[in-house]
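Subject: A structure for you to look at

Hello,

Here is the structure I promised to pass on. Have a look through it first, and then read my notes below.

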Amino acid sequence: MDRELLWRRAEIIRQVRSFFDDRNYLSVDTPLLSPDLIPESCLEVFETQRIYPPGSRDQGRPYWLIPSPEIWMKKLLAEHPVSMYQICKCFRNGETTGRQHSPEFTMLEYYTTEADYMDSLRLTEELFHRLGAQGDLTPPFEQISVAEAFTRWAGFDLYKAAEDPKAMEAEARRLGLDPPAGLSVPALYDLIFIHAVEGQLPKDTPVALMDYPAFVPTLAKLNPGPSTAGLTAQRWELYVRGIELANCFTEETDPQVVRTFFQQEEAEKKQTALVPHAVDQHYWKIFDSPKGRAFPVCSGVAMGLDRLIMALTGRSSIEGVLPFTMG
């Protein structure tokens, strides 16, 4: 990484901090190691071990590098319900190193209180303006619903097909895919999205892919819908030049919904994870107003800062904007 790009990277990070500081967001600094994590069946993590001094009665314990600061930031939000942001290192295992991925990367995560995912969309557009985004990065973002994207590029009604796994499987085969028998609707959705939809998203403008299906498990609040299969989540993902850059929710605050999510994802992760990790069985209680103060209505965004820098500096690979790369 040359010196000029190091300076440009530093300047972008300064501008990001200034953007949130000017809006009175609290800048926070939370641990990179955690004794437990939010269970996400789609992610693999890194494990390490805390070793105690010789002669100690403690035998040591495992810790995990965070894939996102979400687990800590939500604990802060429960205690101090104010808008906040963080720029930190995050770690995701089991992914290739290359044009879009690095096992260690820089995350920008921000939570806006008394806001929903549409408020966060407008805020993110303002951030792009502040960073001087031009050309194919210029806001406003094009908004395309997931349902519309499937109709346009996969050629079928997602929610109608999602009512029957066999119908989803048939659509996958029509598109030239060969799914194993017995895949669930969410798994078939992922297969079709990755191979038939994601690559077709416009690349000449930022695209906010809106209102993800509720059958994809997340901690996002749901929109009302005509049927269970038609329910959508208050979630968007931002794509820039065809690359996923950010993920946003209107955050779920119902403690029982959070508890159910943890239980379901933990059960799936026990069956599939290459690196199992501990789960805080009491995490849902931070949403349960233990001190008479409700968890704030808020919206959170997680953005890959290295990918943003890559886009703003016109680089085609994330490796080009990392001071050091991993093999």
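A residue counts as buried under 20% relative accessible area, as exposed over 50%, and as partly exposed in between. Glu11, at 29% relative accessibility, is therefore partly exposed. Please keep in mind that this is a predicted model.

Glu11 forms a salt bridge with Arg14, at 3.0 Å from N to O. Both residues sit in helix 1 (residues 3-22), three residues apart, about one turn of the helix. Arg14 is partly exposed too, at 45%.

Helix 6 (residues 165-174) holds another such pair, Glu171 and Arg174, three residues apart. Their side chains meet at 2.7 Å, N to O. Here Glu171 is buried, at 18% relative accessibility, while Arg174 is partly exposed at 48%. Elsewhere, salt bridges with shared partners link Glu70, Lys74 and Glu251 into one network. The count of salt bridges comes to 15.

Glu109, in strand 6 (residues 104-113), is worth a look as well. Glu109 is buried but has no salt bridge, and the nearest side chain of opposite charge, Arg92, is 6.6 Å away. A polar atom of the Glu109 side chain does lie 3.5 Å from the backbone nitrogen of Glu70. Among the other contacts of Glu109 are Met73, Tyr85 and Val301.

Finally, the largest nonpolar core has 39 residues, and Trp236 is one of those with the most contacts inside it. Trp236 touches residues including Tyr117, Leu209 and Val301. A second, separate core of 32 residues includes Val28 and Leu37.

Enjoy exploring!

Best wishes

Definitions and conventions
Residues numbered from 1 in each chain as written. Predicted model: local features only at pLDDT ≥ 70, side-chain atom pairs only at ≥ 80, totals over all residues. Heavy atoms only, no water. Helix = DSSP H or I, 4+ residues; strand = E, 2+ residues; numbered from the N terminus. Buried < 20%, exposed > 50% of the residue type's maximum accessible area, 1.4 Å probe, protein only. Lys, Arg positive; Asp, Glu negative; His and termini not counted. Salt bridge = Lys/Arg side-chain N within 4 Å of Asp/Glu carboxyl O. Polar contact = N/O pair within 3.5 Å; in protein donor to acceptor, adjacent residues only side chain to side chain. Contact = heavy atoms within 4.5 Å. Core = buried A, V, L, I, M, F, W, Y, C linked by side-chain atoms within 4.5 Å. Lists of a residue's contacts leave out its neighbours within four places in sequence.
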